[in-house]
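Open the model in your viewer and keep the selection panel at hand. The stops below say what to pick and what is there.

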Number of protein chains: 2
Amino acid sequence: MIYLKVEIKVGLKEGIPDPEGVNIKKSLKLLGFENVENVEVKKSYVMEISGKDEKKIREDIDMMCKKLLINPVIHDYKVDMIK
Amino acid sequence: MIYLKVEIKVGLKEGIPDPEGVNIKKSLKLLGFENVENVEVKKSYVMEISGKDEKKIREDIDMMCKKLLINPVIHDYKVDMIK
């Protein structure tokens with residue numbers, strides 16, 4: 001049994017519009033930050049997860065993403081092991 | 001003038017309740033993922049930013065966070081340079 005701290009980073013797929021990012025960029029420009037481009041907004045889930053081995057944990061994470069955390073039509077996700 | 005891609009990662013300060021994380025943990029357990037603990041939700045802003053040097057860019061980012069991106073009462077943030 002191993003314990004891992006993982007970060008699941010969810011973002012929009014290439015080509016899917018990101019209105020929140022566009023509006024944050026606009027607001028930053030209005031505040032005087034003219035030097036900002038291409039703002040993207042992502043969401044991360046950091047969690048501790050236990051399992052038989054890293055492969056099993058990775059499978060569980062893929063299942064969690066499909067069942068709850070992401071919308072596969074518009075989202076991509078990436079998993080980082082923190083420790 | 002340099003260009004940097006940065007990620008500003010915003011999370012809740014230590015001790016601030018994270019109801020979204022708590023509910024995601026509950027939902028994952030209901031879906032059968034009993035092996036998950038301590039779910040935290042974070043938000044990231046990935047952006048391209050230009051400036052005189054890294055120090056100036058870092059100052060701009062701190063100012064952006066204070067003025068728009070975070071609520072200093074409840075949020076902490078961390079800046080990673082992606083390239």
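Start by selecting A:Ser50. Leaving aside neighbours within four places in sequence, A:Ser50 is in contact (heavy atoms within 4.5 Å) with A:Met1, A:Ile2, A:Tyr3, A:Ile57 and B:Asn35. A:Ser50 sits in strand 2 of chain A. Helices (H or I, at least four residues) and strands (E, at least two) are DSSP runs, numbered from the N terminus. Is A:Ser50 buried or exposed? A:Ser50 counts as buried because its relative accessibility is 10%; the cut-offs are under 20% for buried, over 50% for exposed and partly exposed in between, with a 1.4 Å probe and protein chains only.

A note before moving on. This is a predicted model: local features need pLDDT of at least 70, side-chain atom pairs count only at pLDDT 80 or more, and totals for chains, interfaces and linings use all residues, while side-chain values use heavy atoms, without hydrogens and water. Residues are numbered from 1 along each chain as its sequence is written, and chains are lettered from A and ligands numbered from 1 in the order in which they are written.

Next, select A:Asn35. A:Asn35 lies in the loop between helix 1 (19–30) and strand 2 (36–51) of chain A. At 17% relative accessibility, A:Asn35 counts as buried. Not counting residues up to four places away in sequence, A:Asn35 touches B:Glu48, B:Ile49, B:Ser50 and B:Asp60. Show the side chains of A:Asn35 and B:Asp60: they make a polar contact at 2.9 Å. Such a contact is a pair of N or O atoms within 3.5 Å; within protein, one must be able to donate a hydrogen and the other to accept it, and residues adjacent in sequence count only if both atoms are side-chain atoms.

Now show strand 2 of chain A with strand 2 of chain B. The two pair in the antiparallel sense over 11 bridges; pairing requires that DSSP finds at least two bridges between strands. Pick A:Val46: its bridge partner in strand 2 of chain B is B:Glu40.

Move to A:Lys43 and B:Glu20. They form a salt bridge, with the closest N and O atoms 2.6 Å apart. The rule asks for a side-chain nitrogen of Lys or Arg within 4 Å of a carboxyl oxygen of Asp or Glu. It finds 4 salt bridges across the interface of chain B and chain A.

Finally, select the whole interface. 30 residues of chain B are in contact with 30 residues of chain A.
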